[in-house]
Amino acid sequence: MTALDSEREAIERGEVAPAFELPGTDGETHALADLDDHEAVLVVFTCNHCPYAKAKFDPLNELAADYDDLAVVGINSNDSEEYPDDSFEKMVELVEDGTIAYDAYLRDESQEVARAYGAVCTPDPFLLENDDGEFRLAYHGRIDDAMSPDEEPETFEMRDIVEDLLAGEEITREFRPSRGCNIKWKDGSVRPE
């Protein structure tokens, strides 16, 4: 397991977020544009097996449950042939047993969405603001200050940032990288091209 920090080379604050249309564990296809009834969308590149990602399941479930104006969308881009624990079937199992309770858990089989966002690790969170039906990056960074799967967080930074965003405040916090296992690229690389 390699622990990577998310990078500054990802999409930047204010930039229009790349559109996506991906299959979900609920049997439906989900597009970013379909979420325009929410004030914000938290897109988190994640997976089923990484201990860093698993440590954030509960905080993300809580965000999804606590804010009606926020959609929490997990996207699994890992190569499931080399890492069968990240298969779509396992994703469905985690949703059905309640381990994952996001607004949507989607499969990025082609890995194009992860590359478009500049995601590198699991979890890698991107908070998007709805700007008259166009989603723009408001914040890219960690969920909380627990940087190891075994640590208990002391500050829930993403929750504070979500609350500020939903209150109409400008997000000025500096990028604080998330940490996790590298996305399992099909070409075997560690970082996106």
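**Close-up views of the predicted chain**

Of the contacts in the chain with a separation of 6 or more, 75% are between residues 24 or more positions apart (contact: heavy atoms within 4.5 Å). The model is predicted, with local features requiring pLDDT of at least 70 and side-chain atom pairs pLDDT 80 or more, whereas totals for chains, interfaces and linings use all residues. Residues are numbered from 1 along each chain as its sequence is written, and side-chain values use heavy atoms, without hydrogens and water.

**View 1. Overall fold of the chain.** The chain contains 5 helices and 10 strands (DSSP runs numbered from the N terminus; helices are H or I of at least four residues, strands E of at least two). Its radius of gyration is 15 Å, close to the 16 Å given by the globule rule for 193 residues, so the chain is as compact as a globular protein of that length (C-alpha atoms; the rule is 2.2 Å times the number of residues to the power 0.38). The C-alpha trace spans about 45 × 35 × 35 Å along its principal axes.

**View 2. Asn 61 in helix H2.** Asn 61 belongs to helix H2, residues 57-66. Asn 61 is buried, at a relative accessible area of 12% (buried: under 20%, 1.4 Å probe, protein chains only).

**View 3. Surroundings of Asn 61.** A polar atom of the Asn 61 side chain lies 2.9 Å from the backbone oxygen of Thr 99. Neighbours within four places in sequence aside, Asn 61 is in contact with Gly 98, Thr 99, Ile 100, Ala 101 and Tyr 102.

Conventions: Buried < 20%, exposed > 50% of the residue type's maximum accessible area, 1.4 Å probe, protein only. Polar contact = N/O pair within 3.5 Å; in protein donor to acceptor, adjacent residues only side chain to side chain.
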